[in-house]
Amino acid sequence: MTGLDPRTRPQSITVDRPSAQLQIVWQDGKTSAYPLRWLRKYCPCATCGEERGAPNSDPLRLNAGPPPSTEIANAELVGNYAVRFDWTDGHGAGIYTFAALRSASEAGDFEPEKLPPGLGI
Ligand SMILES: [Zn+2]
């Protein structure tokens with residue numbers, strides 16, 4: 001029953017628009033803040049995953065449109081294990097599981113100043 005693990009169960013979820021962050025207070029007391037740009041960049045839906053994996057696979061596909069929105073219009077819980085966002089450009093297919101969000105927070109994946117493993121002293 002990993003779904004009952006307090007480390008992957010949020011006590012509160014807040015979209016803080018002024019700081020452009022998603023803030024999650026977990027039931028074990030830890031607080032995580034996720035930049036919305038990071039969340040959008042790593043949108044877990046299949047379409048975004050393909051675009052990240054093969055950005056130049058189709059030479060006929062042009063990236064002429066506006067950049068993806070990094071503003072959240074709406075957020076909703078998916079069961080008790082994930083959250084889904086509607087971005088203001090209409091994209092809303094990505095489901096972010098709490099387990100993945102928590103482990104990204106533990107790893108500091110979204111902190112640009114964090115050195116990749118192996119580059120520390
Ligand atoms: Zn997506």
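This is a predicted model: local features need pLDDT of at least 70, side-chain atom pairs count only at pLDDT 80 or more; totals for chains, interfaces and linings use all residues.
**The zinc site**

The protein donors are Cys43, Cys45, Cys48 and His91, and they lie 2.0 to 2.3 Å from the zinc ion. The individual donor atoms are as follows.

| Donor residue | Donor atom |
|---|---|
| Cys43 | SG |
| Cys45 | SG |
| Cys48 | SG |
| His91 | NE2 |

The angles among the four donor atoms run from 104 to 114°, and the site is tetrahedral. For reference, the ideal angle for four tetrahedral donors is 109.5 degrees. Cys43 counts as buried because its relative accessibility is 0%, with the cut-off for that class set at under 20%.

**Overall architecture**

The protein chain contains three helices and six strands, which follow one another along the sequence in the pattern β-β-β-α-α-β-β-β-α. Of its 121 residues, 27% count as buried, and the accessible surface comes to about 8,000 Å², with 54% of it belonging to carbon and sulfur atoms. Among the contacts with a separation of 6 or more, 34% are made by residues 24 or more positions apart.

**The S2–S3 hairpin**

Strand S2 (residues 21–26) runs antiparallel to S3 and is joined to it by five bridges; Leu22 stands opposite Tyr34 in S3. The two strands form a hairpin with four residues between them, and Gly29 in the turn has a positive phi of about 100°.

**Helix H3**

In helix H3 (residues 98–107), the buried residues are Phe98, Leu101, Arg102, Ala104 and Ser105. These residues lie on the same side of H3, because they cover an arc of only 160° around the axis. An α-helix has 3.6 residues a turn, so residues three or four places apart point the same way. After H3 comes Gly108, whose phi is positive, near 65°.

Methods: Residues are numbered from 1 along each chain as its sequence is written. Side-chain values use heavy atoms; hydrogens and water are left out. Buried means under 20% relative accessible area, exposed over 50%, partly exposed in between (1.4 Å probe, protein chains only). Contact means heavy atoms within 4.5 Å. Accessible areas come from the Shrake-Rupley method with a 1.4 Å probe; for residues, only the protein chains shown count as cover. Two strands pair if DSSP finds at least two bridges between them. Donors are N, O and S atoms within 2.8 Å of the metal (3.2 Å for Na, K and Ca); water is not among the atoms, so sites may look incomplete. Four donors count as tetrahedral if all angles lie between 85 and 135 degrees; four count as square planar and six as octahedral if opposite donors are over 155 degrees apart and all others between 65 and 115; anything else is irregular. The arc is that of the directions from the helix axis to the C-beta atoms.
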